[in-house]
Amino acid sequence: MSLHVVIGFGPAGAATARLLAEQGHSVRVVTRSGRSPEPGIEHVALDATDTERLVAAAQGANAIHGCAAPPYHRWADEWPPLAASLCTAAERTGAVLVMLGNLYGYGPVTGPITERLPLAATGTKGRTRTAVWEQARSLHEQGRIKAVEVRSSDFFGPGVTDGGHLAARVVPRLLNGKPVSTLGDPDAPHSWTYLPDVAAALVEIAGEERAWGRAWHVPTEPPLSTREMVDRLAAAAGTGPVAVRRVPPAVLGLGGLVSPLLRELKEVRYQFDAPFVVDSTAYQAEFAVRATPVADQVEATVAWWRERLAGAR
């Protein structure tokens with residue numbers, strides 16, 4: 001089987017690396033701190049912006065999976081050197097660069113979000129993500145690298161903790177029957193992408209040459225509001241319905257004075273104040289991965305959180 005280099009070992013990077021290992025591939029994970037080895041996965045400690053060392057680590061790789069991201073409030077400063085290093089590594093090794101992207105680049109839209117929409121974001125984070133992909137796409141079109149971007153909506157599921165909107169701020173509370181606070185309108189339809197489906201798409205696209213050179217949306221189930229998702233998670237947990245409360249904008253504003261994350265969320269609040277619906281039919285028309293049914297998503301998520309919380313006691 002082939003060698004895959006995974007940059008980053010957050011929820012998406014870890015899920016991707018482990019899926020690749022399960023499929024029998026050789027997997028090398030690059031993180032700044034490194035980790036202890038695990039079955040089928042080699043961990044290498046290096047800063048991915050150190051281009052020469054990254055190129056050396058990626059020698060012989062079929063694919064480089066870009067799953068790392070700088071801290072939310074440092075995107076504008078830290079994404080460009082990271083993206084440039086990934087592109088150089090792809091060019092000098094011949095590996096296909098499989099980038100995990102999101103939907104920020106589109107900015108606020110009316111109606112379903114498809115890959116055909118222009119990348120028209122005006123906010124800093126949206127413009128930053130757009131520039132990252134446009135750089136890779138330009139190099140692909142020049143024939144210098146092979147690149148593809150796989151875009152996900154807000155993801156949740158086993159392994160997603162502090163950064164998820166249906167994770168640490170939600171599931172532990174509903175497991176105890178406590179109210180849940182949410183960003184934006186809790187009744188606005190919203191697309192949620194299941195983390196294992198993100199990993200499955202990243203792995204599949206790496207081997208599909210006809211997919212390269214453009215962006216694809218991860219297969220995602222039809223939208224459900226935050227309230228509907230919380231209700232389903234609570235039902236799976238057997239705790240019964242819990243109250244879902246909208247965090248007042250004024251509270252978010254005050255929180256942003258001390259929390260860089262809350263401060264940065266202002267730019268993407270539109271995703272939760274109105275319907276935010278992802279269309280992934282283009283991917284499903286061409287490739288094999290399908291979205292996991294919502295019932296299975298919530299069952300697995302609740303079971304994972306129960307085990308995690310039990311282990312912390």
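This is a short tour of the structure above, stop by stop, with something to select at each one.

**Before you start**

You're looking at a predicted model, so local features need pLDDT of at least 70 and side-chain atom pairs count only at pLDDT 80 or more, while totals for chains, interfaces and linings use all residues. Residues are numbered from 1 along each chain as its sequence is written, and side-chain values use heavy atoms, with hydrogens and water left out. The labels work like this: helices (H or I, at least four residues) and strands (E, at least two) are DSSP runs, numbered from the N terminus.

**Stop 1: the sheet**

Colour the strands. Seven of them make an open sheet, in the order E3-E2-E1-E4-E5-E6-E10, and the pairing is parallel. Two strands pair if DSSP finds at least two bridges between them. In general, strands of a sheet pair through backbone hydrogen bonds, either parallel or antiparallel. Which strands sit at the edges? Those are E3 (41–45) and E10 (215–217), each pairing on one side only. Going from one strand to the next, the twist averages 20°.

**Stop 2: E1 and its partners**

Select residues 3–7, which are strand E1, and residues 26–31, which are E2; five bridges join these parallel strands. Click Val5 and then Arg28 in E2, its bridge partner. Now look from E1 to E4: four bridges join this parallel pair too. Here Ile7 stands opposite Gly66 in E4.

**Stop 3: along E4**

How many bridges link E4 and E5? There are four, again in the parallel sense. Buried means under 20% relative accessible area, exposed means over 50%, and partly exposed is in between (1.4 Å probe, protein chains only).

**Stop 4**

Touching, or contact, means heavy atoms within 4.5 Å.

**Stop 4: Thr16**

Find Thr16 in helix H1 (residues 11–22). Is Thr16 buried or exposed? Thr16 has a relative accessible area of 0%, so Thr16 is buried. Not counting residues up to four places away in sequence, Thr16 touches His65, Cys67, Ala199, Leu202 and Val203.

**Stop 5: H3 beside H4**

Select residues 75–93 for helix H3 and 124–141 for helix H4: their axes come within 10 Å and cross at roughly 15°. That makes H3 roughly parallel to H4. The cut-offs are under 35 degrees for roughly parallel, over 145 for roughly antiparallel, 65 to 115 for roughly perpendicular, and oblique for the rest. Show the side chains where they meet: among them are Trp75, Trp79 and Cys87 in H3, and Lys125, Arg129 and Leu139 in H4. By class, this contact has nine nonpolar, three polar and two charged residues. Here Ala, Val, Leu, Ile, Met, Phe, Trp, Tyr, Cys and Pro count as nonpolar, Asp, Glu, Lys and Arg as charged, and the others, Gly among them, as polar.

**Stop 6: H7 against H12**

Last pair: select helix H7 (residues 226–237) and helix H12 (residues 294–311), which pack at an angle of about 60° with axes 9 Å apart. H7 and H12 are therefore oblique to each other. On the H7 side, the contact includes Met229, Arg232 and Leu233, and on the H12 side Val294, Val298 and Glu299. This contact has seven nonpolar, one polar and three charged residues.

**Stop 8**

Click Arg232 in H7. With a relative accessible area of 40%, Arg232 is partly exposed. Leaving out residues up to four places away in sequence, Arg232 touches Leu224, Val294 and Val298. Then hop to Leu224, in the loop between E10 and H7. Leu224 counts as buried, at 12% relative accessibility. Beyond its neighbours within four places in sequence, Leu224 is in contact with Pro189, His190, Trp192, Met229, Arg232 and Val294.

How values were computed:
Axes are lines fitted to C-alpha atoms, for helices over the stretch in contact, and angles run from 0 to 180 degrees between N-to-C directions.
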